[in-house]
Amino acid sequence: MGSETPNRLLDLLGVELPIIQAPMANFTTPQMVVAVAKAGGLGSLPSAVYSESLLREALDTVRAGTTAPINLNFFTHTPPAEDPARQAAWRARLKPYYVEAGLDPDMPLPAGGRAPFDDAFCKVVEDYRPEVVSFHFGLPAPDLLDRVRRTGAKVLSSATTVAEALWLEERGVDAVIAMGYEAGGHRGNFLTDDMATQVGTFALVPRIADAVSVPVIAAGGIADRRGVLAAFALGAQAAQVGTAYLLTPEAGISQVHRDLLSSAEDTAVTNLFTGRPARGIVNRLMTELGPLSDLAPAFPTAGAAVGPLRKAAEAAGRGDFTPLWAGQAFRVARPMSSADLTRALAGV
């Protein structure tokens with residue numbers, strides 16, 4: 001049902017090429033979004049790590065660089081209740097690493113994390129009117145979603161199972177992003193927390209394409225033109241690519257992360273850095289504590305205690321405590337500009 005030619009989705013999104021640059025929080029820059037959009041793809045700006053004012057600044061930069069369609073991406077998680085006991089246990093488990101690094105295990109930690117879509121973010125959508133708005137971890141409350149739709153934006157969201165895709169279609173999304181288990185960064189799951197039953201892209205995309213009537217976008221393990229062609233063969237009308245864009249000069253990643261993208265071998269799904277499963281390059285913390293641990297506090301609070309360790313290790317040129325997000329196909333990617341990568345993925 002979802003296996004028509006890419007033209008239907010291209011018309012829907014208003015772009016020339018069936019390539020969507022994944023909205024990678026902390027790594028995607030406004031410059032990357034502009035480069036992808038100007039090349040004919042859909043550039044995506046991640047919003048979860050921005051405050052409202054900083055998001056507006058980033059959008060001002062994007063709109064000054066291009067008038068082409070863009071995607072504004074949001075998380076839709078529910079902030080967890082405070083859990084002092086679990087936070088204390090987490091800090092106790094990390095204490096030996098603090099001591100090793102010469103840090104105070106009881107040092108105060110900064111607040112932060114990931115902000116969910118709310119009234120303030122919705123006002124940004126209403127003011128800037130991006131052509132596309134995408135969500136991760138489901139959809140926002142119906143009243144907020146209605147406000148987004150009234151701006152004229154097309155709505156996308158990620159599904160990691162057929163059940164999630166059907167749930168999204170029932171609530172009126174314009175297209176479903178079929179996120180295979182190979183994908184880097186945070187899993188988009190929202191109806192299940194069982195990572196053992198998550199499905200790979202080759203199995204997930206055709207199942208979702210057969211199950212829904214809206215266009216399907218393939219994500220996960222796609223890092224070159226071969227992956228895009230495979231996605232089309234499976235019934236997708238576009239490919240969403242993230243990790244390959246980390247090797248572009250427009251990517252805002254640390255040198256440690258950039259170096260490991262060309263030298264590491266393995267990735268794994270871990271909850272140690274944020275409290276929610278996400279795929280990244282295997283490093284010391286993942287090897288010694290997990291990669292999945294019941295000790296990690298709820299998303300997005302786990303990262304606060306890891307932050308000082310990350311900073312100290314990166315200062316010494318190590319990624320021992322850094323969330324090195326990457327998909328399973330990261331070694332397939334090759335360094336090039338964001339514009340050249342977009343065109344290469346599309347075969348033009």
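"Buried", when I use the word today, means under 20% relative accessible area, while exposed means over 50% and partly exposed is in between, with a 1.4 Å probe and protein chains only. Helices (H or I, at least four residues) and strands (E, at least two) are DSSP runs, numbered from the N terminus.

Quick housekeeping, then. This is a predicted model, so local features need pLDDT of at least 70 and side-chain atom pairs count only at pLDDT 80 or more, while totals for chains, interfaces and linings use all residues. Residues are numbered from 1 along each chain as its sequence is written, and side-chain values use heavy atoms, with hydrogens and water left out.

Okay, let's go to helix α13, residues 338-346. Its buried residues are S338, A339, L341, T342, L345 and A346. Looking down the axis of α13, those buried residues fall within an arc of 165°, so they line one face of the helix. The arc, by the way, is that of the directions from the helix axis to the C-beta atoms. And what covers them? Among the elements in contact (heavy atoms within 4.5 Å) are β1, α2 (30-39), α9 and β9.

Now α9, residues 225-233. Here G227, V228, A230 and A231 are buried. They cover an arc of only 160° around the axis, which puts them on the same side of α9. Over on the other side, R226 and A233 are exposed. The cover on the buried residues of α9 includes β1, α8 (201-211), β8, β9 and α13. After α9 you meet G235, and its phi is positive too, near 115°.

On to strand β9, residues 238-241. A238 and Q240 point one way, A239 and V241 the other, and all are buried. Strands pair if DSSP finds at least two bridges between them. β1 (residues 19-21) pairs with β9 in the parallel sense over three bridges, and I20 has Q240 as its bridge partner. β8 (residues 216-219) also runs parallel to β9, joined by three bridges, with A219 opposite Q240. From β8 the chain crosses through α9 to β9, a right-handed β-α-β crossover; right-handed means that, with the strands pointing away from the viewer, the path from the first strand over the helix to the second runs clockwise.

Last stop: an open sheet of three strands, in the order β7-β11-β10, with antiparallel pairing. β7 (185-186) and β10 (267-270) stand at the edges with a single partner strand each, so one side of each is left without a neighbour in the sheet. Four bridges link β10 and β11 (residues 278-281), and T270 sits opposite A278.
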